[in-house]
Structures are given as C-alpha cells and as structure tokens.
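Hi,

Here is the structure I said I would pass on. Have a look at it, and then read my notes below.

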Amino acid sequence: MSADPAGAVADAHRREWASVLAATVRVTRDLDLAEECVQEAYAQALVAWGDGVPARPGAWLTTAARRRALDLHRRSAVAARALPLLVVDEVAPEPLGAPGGREPDDLLALLFTCCHPALTAEARVALTLRLLGGLSTPEIARGFLVTEPTMAARLTRAKKKIAAAGVPFRVPGADEMPRRLGGVLSVVHLVLTTGHTAPAGATLVRDDLLDRAHDLARLLRSRFPDDPDVAGLLALVLLTDARRGTRTGPDGELVLLADQDRSRWDAAMIAEGRSLVLEALPARPVSRYAVLAAIAAVHADAREADDTDWVEIVGLYDVLAARWPSPVVALNRAVALGFADGPDAGLAALDALADEPRLAGYGYLAAARGELLRRAGRPDAARVALEEAAMLTANDVERDLLARRLDALA
C-alpha cells in the first residue's frame, strides 16, 4: 500500500470498494444509503491516512462506513427515506454495530442482487459496474454510449425496483440457483468484454473492468467449484486477460493478435486457463464459456501466429453456432474461415451476413470485410469497407488502427 494518502485511497478504491460496500449494505439494507456512507468513508480516509495508512485499509473503511450508517440511521428522516428496505436473508438483519466478517457471502449477495432477473439486462450490467466495480456514473455512461443523466436515471430506477420488489440481499438457495447463476455469469462476461475492448474512448483496454471481471470470476469459482459454466468463465477470463500487456504498443496504439509478443503473455494465467478448459469441456451440456475459452486456448497454444490451428477454431465456432447461434458468432467464424480456407472463403461467409439487421452499424463487420478484401488483393473495395468501419467505430485506438490500414492501402 502506498505511503501517499491519495495513492493509498485510490488503491483501496480499486481493491476494496466492492467488499466495503457489500458489508455496508448488509447493515443499512439500502443501496443508496450504503453508497453514500462508503463514499464518505473514502473521503475521510484522504484526511485520516495522512498520519499513516492502516495495515488493513478495507477494515478501516468498512468500520468508517458502518459508523456513518449508524449515525444517519438514528435520524428519523433517513429511516423514512430508506423504506422500502432490502430484505436481508430470511432472518433479522445484522445489527448496525456488528463487526462483520462475512465478506465472500456479502460480495456474492451483492452480485446476485445486482443481477436479479427483475432488472433488464442493461440495468444488471450497469448496476454491477456501479456497485461492484466502483465506476462513476459518467464512466458507465461512456461505456453504454448514453448521456450521464440517462445513465443516472437508469441506475436510480434499478435501485428503486430492487427495493420495491423486495429483492433479497442474499445468495440464492439451491432451488433458485440454476436459473439465477446463468444471468450472473452473463453479466461478468459482459464486464470482461467491455474491459477487453472499451466501446468508446481514448484507451483500448479498461484495466478496472478487467480486474473486476477477474475478481468476480474467482469469487464465483470459490463458491461453485464444481460448476462447469463457472470453470469455463474463469478459464475465458484468464486466457483472454493473459494477453493484456501486449495488446497496445508504447504509445497506446493497438497491436493485433498476430503481431503481439507472445513471450510476454502471462504463462501462469494461460496454464491455469488451459486446466480449467480441460475440466469444463467434457461436461454435458457443454458450457458456452468453455467453448469460448477453448478458442482462446488454441491461440495461446500457437508459438507464432502462423502456427495457429484455424481449422480447430472454425470447428469450435461451429459448436457455438449450433448451440448458441448469433450474428457475432457467425461473424467471428467467417473471420476464422478466412484464415483456415483463404480470404475468399471468409468473404463468402461474410456476404451471408450482409442483410443481418443486428449487425447494421456494427463496425467489426466492415473492418473484417476490409481486412479480407485487402488479403484477397482487392485494395479499392478494401478501402471502402475500412472507411465504413472507421465511421462506425467509437474507440479512438481502433479508429487509429483503421486509419493506418487505410494509409497503407493508399
């Protein structure tokens, strides 16, 4: 932990936010009140830690937040505002003065609360990023390509719906788990993909989101060690994140997979990811995340880009397309086919997606087409496709890559 108070608080925000908030929610039974108390605890830390950073920053922050909650709870106006309250477990809520000590369960309870099926898919992701990721409303708004007031209203509605519907703050029981866990895994996967390539902005990678996806996947694995979907998701997180440090160059420019320095990929993460893939793939029905992780493992197995087993990757996309069909899976399969059987085969597969309404305005379709056309020796058509992709791309780093490709064609 840094000796600098501001640096220490920033580090504690990144590492401890979710745990402190989850512990505070348990005693306040109110999401807004808990957030307010935790934010004030961090503000207090900026001053108090000037005399020295505590040995256990998370415990210090949790205590400060709970004390603030106790303070506010004594005021009748706050108590009135807090109704209706979250339902905590099936028994009486934990007393405000209790010392805590239920961090893993509290985190899981907060995660399942954020991902409750009463909320829309977008609200689940946004609330998870806010409450477990500690992201600000403007940061989440940028990720969803909406205005800050729109996102603020969306978060407020989600919190109110949780309270009004009596959504319990607890880990679901065995009878509920099969239908609830899938929604949670989907949200964590979306956090991973959003962090891996930010939809918009000046940076390619969102380290905070990748770290949070990693933490949440680990948390789920610790609680559900025998679930193949959980194993597959953690494998996917590890095998994807193992390449993080090589995806951008010294000036922040995008480095494509084929050009990355594979010796710098995280070998420990890859080894653990491979082991989890071998554990998850034999399960029936096969996990979607295990198949995606297996694709990432094929890339990791190739010592050089030219060694990549593209035929195997096409086969894995065939499995995905058969069990979980989607236009994006079809697009990725077409790209893989372009490497396995040549650019003309890839272009033919992309042509079949030209009228897919869900890909209208999807920049990656035009970018993939432009790259296949370039490899097929059709520079004029490639230029048109890459220009279209640049217009549809909101991430500055990806747009810069497309500009470099266009310059090379010129």
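To start: over the ring of which residue does the charged end of Arg243 sit? That ring belongs to Trp265, and the charged end of Arg243 is 5.8 Å from its centre. Before you go further, bear in mind that this is a predicted model. There is another arrangement of this kind at Trp324: Arg323 lies over its face, 5.1 Å from the ring centre.

Next, the aromatic pairs. Searching the whole structure turns up four of them. One of these is Trp310 with Phe339: the ring centres are 4.4 Å apart and the planes meet at 15°, under the 30 degrees cut-off, so the pair counts as stacked. Trp310 belongs to helix H14 (residues 310–323) and Phe339 to helix H15 (residues 327–340), so the pair ties together parts that are 29 residues apart in sequence. As for accessibility, Trp310 counts as buried, with a relative value of 18%, while Phe339, at 39%, counts as partly exposed.

Then there is the inside of the protein. The largest nonpolar core has 127 residues, and Leu110 and Leu220 are the ones with the most contacts inside it. Helix H13 (residues 288–301) gives the most to this core, namely 10 residues. Domain 1 (5–74) and domain 2 (107–224) each supply at least three residues to the core.

Cheers

Terms used: Residues are numbered from 1 along each chain as its sequence is written. This is a predicted model: local features need pLDDT of at least 70, side-chain atom pairs count only at pLDDT 80 or more; totals for chains, interfaces and linings use all residues. Side-chain values use heavy atoms; hydrogens and water are left out. Rings of Phe, Tyr and Trp (its six-membered ring) pair if their centres lie within 6.5 Å; planes under 30 degrees apart count as stacked, over 60 as edge-to-face and the rest as tilted. Helices (H or I, at least four residues) and strands (E, at least two) are DSSP runs, numbered from the N terminus. Buried means under 20% relative accessible area, exposed over 50%, partly exposed in between (1.4 Å probe, protein chains only). A charge sits over a ring if NZ of Lys or CZ of Arg is within 6 Å of the ring centre and within 35 degrees of the ring normal. A nonpolar core is a set of buried Ala, Val, Leu, Ile, Met, Phe, Trp, Tyr and Cys residues joined through side-chain atoms within 4.5 Å. Domain bounds come from an automatic or database domain assignment.
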